[in-house]
Amino acid sequence: ADQVTLTTLPLPRGNVSGYRGVGIERGTDLLIQNFSVNTTLVDDLSIGLFSVACVFSNGSGDDLNMNHQDQNYGTLWTEINTGAGSRPWGSGGAGGPTRLHAGAR
């Protein structure tokens with residue numbers, strides 16, 4: 001598909017309609033592009049657990065959250081419209097010895 005849109009029906013879950021929209025774990029050299037998240041999830045986009053050199057590009061969301069945790073390295077977020085912009089990095093991980101944050105070059 002050239003364009004992917006995530007939407008959900010209203011459910012009785014408080015302020016969120018689900019947990020994860022698009023998630024990468026143990027991925028390498030992946031490109032996620034041309035997406036729209038038209039709902040509020042705990043982690044709209046998520047990168048983690050030994051992922052290396054992954055790109056999220058040309059995407060948008062109502063109030064997009066970009067979760068980055070669990071020892072990933074070299075993630076690129078480009079041309080991302082976070083919508084309302086109230087929580088772009090709201091799920092960055094708890095830190096500590098078992099939950100290491102993302103690495104950067």
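Contact here means heavy atoms within 4.5 Å.

**Figure 1. Overview of the predicted model.** The structure shown is a predicted model. Its secondary structure comes to 0 helices and 7 strands, and along the sequence the pattern reads β-β-β-β-β-β-β. The chain has 105 residues, of which 32% count as buried. The accessible surface of the chain is about 6,000 Å², with 52% of this area belonging to carbon and sulfur atoms. Taking contacts between residues at least 6 apart in sequence, 44% join residues at least 24 apart.

Figure 2. Leaving aside residues up to four places away in sequence, P88 touches L64, N65, M66 and T82. One of these, M66, belongs to the largest nonpolar core. The relative accessible area of P88 is 23%, so P88 is partly exposed; the buried class would require a value under 20%.

**Figure 3. The open sheet β2-β4-β6.** An open sheet of 3 strands is arranged in the order β2-β4-β6, and its pairing is parallel. β2 (20-25) and β6 (66-68) are the edge strands; each has a single partner strand, so one side of each lacks a neighbour in the sheet. On average, neighbouring strands of this sheet are turned by 15 degrees against each other, direction ignored. Strand β4 (residues 43-48) runs parallel to β6 and is joined to it by 3 bridges. S46 has N67 in β6 as its bridge partner.

**Figure 4. The largest nonpolar core.** Which residues make up the largest nonpolar core? The core consists of 10 residues: I24, F35, V37, L41, L45, I47, C54, F56, L64 and M66. Strands β3 and β4 each supply at least two residues of this core. In soluble globular proteins, nonpolar side chains tend to be buried together.

**Figure 5. S36 in strand β3.** S36 is part of strand β3, which covers residues 31-37. Is S36 buried or exposed? Its relative accessibility is 10%, and S36 therefore counts as buried, the limit for this class being under 20%. The side chain of S36 makes a polar contact of 2.8 Å with the side chain of N38.

**Figure 6. Two asparagines with positive phi.** N34, in strand β3, has a phi near 55 degrees, which is a positive value in a residue other than glycine. N58 is placed in strand β5 (residues 55-61). For N58 too, phi is positive, at about 55 degrees, although N58 is not a glycine. The relative accessible area of N58 is 38%, so N58 is classed as partly exposed.

Definitions and conventions
Residues are numbered from 1 along each chain as its sequence is written. This is a predicted model: local features need pLDDT of at least 70, side-chain atom pairs count only at pLDDT 80 or more; totals for chains, interfaces and linings use all residues. Side-chain values use heavy atoms; hydrogens and water are left out. Helices (H or I, at least four residues) and strands (E, at least two) are DSSP runs, numbered from the N terminus. Buried means under 20% relative accessible area, exposed over 50%, partly exposed in between (1.4 Å probe, protein chains only). A polar contact is a pair of N or O atoms within 3.5 Å; within protein, one must be able to donate a hydrogen and the other to accept it, and residues adjacent in sequence count only if both atoms are side-chain atoms. Two strands pair if DSSP finds at least two bridges between them. Axes are lines fitted to C-alpha atoms, for helices over the stretch in contact, and angles run from 0 to 180 degrees between N-to-C directions. A nonpolar core is a set of buried Ala, Val, Leu, Ile, Met, Phe, Trp, Tyr and Cys residues joined through side-chain atoms within 4.5 Å. Accessible areas come from the Shrake-Rupley method with a 1.4 Å probe; for residues, only the protein chains shown count as cover.
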